[in-house]
Amino acid sequence: MLEKTYDPAAVEGRIFEKWLDEGAFAAGAGAKPGAEPFTIVIPPPNVTGSLHIGHALNNTIQDILVRYNRMLGKDVLWQPGMDHAGIATQMIVERQLMERQEPGRRDMGREKFVEKVWQWRHESGGTIMNQLKRLGASADYGRERFTMGENGAADDQMVRAVTTVFIELYKRGLIYRAKRLVNWHPGLETAISDLEVENIEVNGHMWHLRYPLADGVTYDYPIAFDVDGNPTEYETRNYLVVATTRPETMLGDTGVAVHPEDPRYQGLIGKSVMLPLVGRRIPIVGDEYADPELGSGAVKITPAHDFNDFEVGVRNALEQINIFTTSGAINDNAPEIYRGLDRFEARKRILDDLEVQGVLDHVEDKKIMVPHDEKSKQVVIEPFLTDQWWVKAEVLAEPAKASVREGRTRFVPQQYENTYFAWMDNIKPWCISRQLWWGHRIPAWYGPDGEVFVAASEEEAAKAAEDHYGRAIELRRDEDVLDTWFSSALWPFSTLGWPDETAELKRYYPTSVLVTGFDIIFFWVARMMMMGLEFQETEPFHTVYMHALVRDEKGQKMSKTKGNVIDPLQLIDEYGADATRFTLAAMAAQGRDIRLAISRVEGYRNFVTKIWNAARFLEMNECHRLEGYNPSGNQLPLNRWIVGATARAATEVTSGIEQYRFNEAASSAYDFVWGTFCDWFVEFAKPIFSGEDQEAKAETRATAAFVLDQILKLLHPFMPFVTEELWAETGKIGPSRESALVLAEWPKLEGLEDEAADNELNWLMELISSVRSVRTEMRVPAGAKLKLVAVGASSLTETRLASHEALIARLARLESITIDSQVPTSSAQFVVGEATWALPLSGVIDIGVERARLEKEVGKLEKDIAAIDKKLDNPQFVSKAPEEVIEEQKARRDTAIERRAKITAAVARLGA
RNA sequence: GGGAGUAUAGCUCAGCGGGAGAGCAUUCGCUUCACACGCGAAGGGUCACUGGUUCAAUCCCAGUUACUCCCA
């Protein structure tokens, strides 16, 4: 006997262990012979991460797809794993060393430090994998991969994959080394990706500075204008005003740009200014980058510290002078008094000095966008000129764009293709080197003259160097590591064994679908597409499903600082994994963010309990599965109806999942299970179970057990735990189960619909609902049993009444049901089908209330009829609308008129 | 500045050209032999606004307003 309520906490762990023990998640488990493969690679979570609500949604959707396809009998692989998160992991271990007051990274040296990080990875990294298990994710954990491999050794397959790709791309001229501006993190002292930079609007200033013209040059600057904007008055100036939001960078200025068409400054192009504080003579150049409308129209150019200035510098052959150290202090390229000052301290000092020297013209307040480190949002990112390794993403992007344009990879929802193209069309060279110790070390060695040798090992590099120099020579390995995403981009094939030609690679690549959030479309999709096409010649996935962002109830992004984070593990603890998953699935409408409300989770927890109790009820009534039960062989309309309804539900759930409309699949299942099976079928079955008709009882029991089986299957992808538990419980009696539910066959129900049975049961439900409704409106005490009189009943209705009398009496709380030609006096009346039904309520009925109730309905019918008449009276409608629409309108009109007549008669019968 | 999205019941959201829906909340009733995490019933909407297309618009198109996100 099942417990009264389902206790997820007591069941989930045990069920999960069982699945693992049975190898239910292993690649190919339960696959039919000759089955086609279905593959999903997990978007690798970060080894330092823990499960947040976005992961919960992402993995719930993957698991729904995986479990569904597994039940279809496909050869399913869900490949799990994590990435090594270069920066985050290194930071965690460094912080840990500090807390333990152990020697820091630089004190212990690279080798020892990396060892420490590995130790951390094995001891405390990857908690998220266990958290995914709590969610019920059915990935093939035996195949878990890590972007750094088992230990990072050169011969580890995951490391070889990265090395091979690097060397190949280098050979193909798609990787190169160059000195360019990068986004520099002065705290971590490494380059970071543009995608790790967040531009934040802050209150800043625009400082206008007077740069004195060299060689005694002067010019006339307009200071007054007529109505047409033509200058009427000039003053003679021996300086040029430039505007800047970052005055400290002036130490690195190597030019001033004005627009070549700007009449104010045209004559100054080719002349020079003397840079204040520094005393450097720098040229005035004409460049369209200078916007005459912005600021003074003249702009200082600091090629080494601004992305736009860098371009201007290249165009005009300006010098690049770096004035910062790697930690963001002023370096030796600046005048001595500023050296060693932090960049913010330097700004203050420089402003003071400029003011003293009369260089500061004026200051205005301005909202400015400042690049910040997107994780901490505290550190200001610095454009910084360094030697880095780059991938020609603009070349790799071409085939990746073609794949989507030509439909070999499609996005669901499709509108995300725009985002993809927008980014791909403007893709910039990808900086792949990072000044870290944790990561794939770049396989490049340098000779004493700076000659580069890219090779798979030190031996190979040494050999190449010997060939080059004609003698053995000492090489120095590149200190840097690769961007974590460089290795993640290989994930769809590196996890399958590449560069070795494994059976898995052959079988499971390309994968089927990538499930991810739109916020990381560039990280994942674009890079995996580029690498997949370059190294496997095939797109890594045919479908990219982009799911929504989970927000809080008010629509705000969840964040720790706002304190509005909903922890999925807490939800699982409180409501169970099934309710948590079902909520996320039910709210995952395409192209729309999810505003997660706890009340929804609670509601779906109730749904889990409801299913549990329905199963419990069946168990109590000996509804056991029957060997050889044939759902199309049912005799009773009730049973013929419910199996048909089950088939409809199965079709809806199936098509919902197939179309990535998870909310539709979930709500179809919910409506069927609660609204049809529990609310009606089970209620209808009760009198049969307690009745004497043994044949009807046997058929209904078997049908109930059959339908419950289908329900468990249909819900399994959404609620794996409770369904598996019930599958086991209901498997204890009757024919033995062929497998656990996780490997059971997805429902294939065809030819079970029966229109006659549907009509009969729909009539029955309408009749019962009508009685209940009238009872409530007439304020009949719930306990009171009424008489029901049918007037004007057809023979079909009489037959139906006869066969369902006990049932109707029970569910509508009736004392008797009779057929008469007259409506008894003092009756409440209603119409179902062709008949008028009366509930004699003498002494109870308030004629006024009853009249009002009926007249309200007449009024509603009048309105409906008028609306339909308006359509039918319109010749345009009759001539242009499709035939079936016209027929439908006519039919609706007829039934409404008929009904109106009956209710009007009922009103008349109430008398005066 | 460029791009995308969203406005439907008190709240959170479905609704894919012909009769406005769900869950939660609200109100009323219920020791109905699975379930109060329940049962039954009810109230509640100018489908943001203005035009257009169409025989017909919550739905398609254009514009307006408000909000959200992405990119600069």
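## Aromatic pairs

Rings of Phe, Tyr and Trp (its six-membered ring) are taken as a pair if their centres lie within 6.5 Å; planes under 30 degrees apart are called stacked, over 60 edge-to-face, and the rest tilted. In this predicted model, local features need pLDDT of at least 70 and side-chain atom pairs count only at pLDDT 80 or more, while totals for chains, interfaces and linings use all residues. Side-chain values use heavy atoms, without hydrogens and water, and residues are numbered from 1 along each chain as its sequence is written.

The rule gives 41 aromatic pairs.

## Two edge-to-face pairs

Phenylalanine 493 and tyrosine 509 are edge-to-face because their planes stand at 85 degrees, with ring centres 6.2 Å apart. Phenylalanine 493 belongs to helix α14 (residues 491-494), and tyrosine 509 to the loop between α15 (503-508) and β24 (511-517), so the pair links parts of the chain 16 residues apart. Helices (H or I, at least four residues) and strands (E, at least two) are DSSP runs numbered from the N terminus. Buried means under 20% relative accessible area, exposed over 50%, and partly exposed in between (1.4 Å probe, protein chains only). Phenylalanine 493 is buried at 0%, and tyrosine 509 is buried at 9%.

Tyrosine 660 and phenylalanine 662 also pair edge-to-face, at 6.3 Å centre to centre and 75 degrees between planes. Tyrosine 660 is buried at 8%; phenylalanine 662 is buried at 0%.

## Cluster and charges over rings

One aromatic cluster consists of Phe582, Tyr604, Phe607, Tyr670, Trp674 and Phe718.

A charge sits over a ring if NZ of Lys or CZ of Arg is within 6 Å of the ring centre and within 35 degrees of the ring normal. Lysine 133 is placed over the face of tyrosine 141, 4.6 Å from the ring centre. Arginine 527 is placed over the face of tryptophan 430, at 4.3 Å.

How values were computed:
Chains lettered and ligands numbered in written order.
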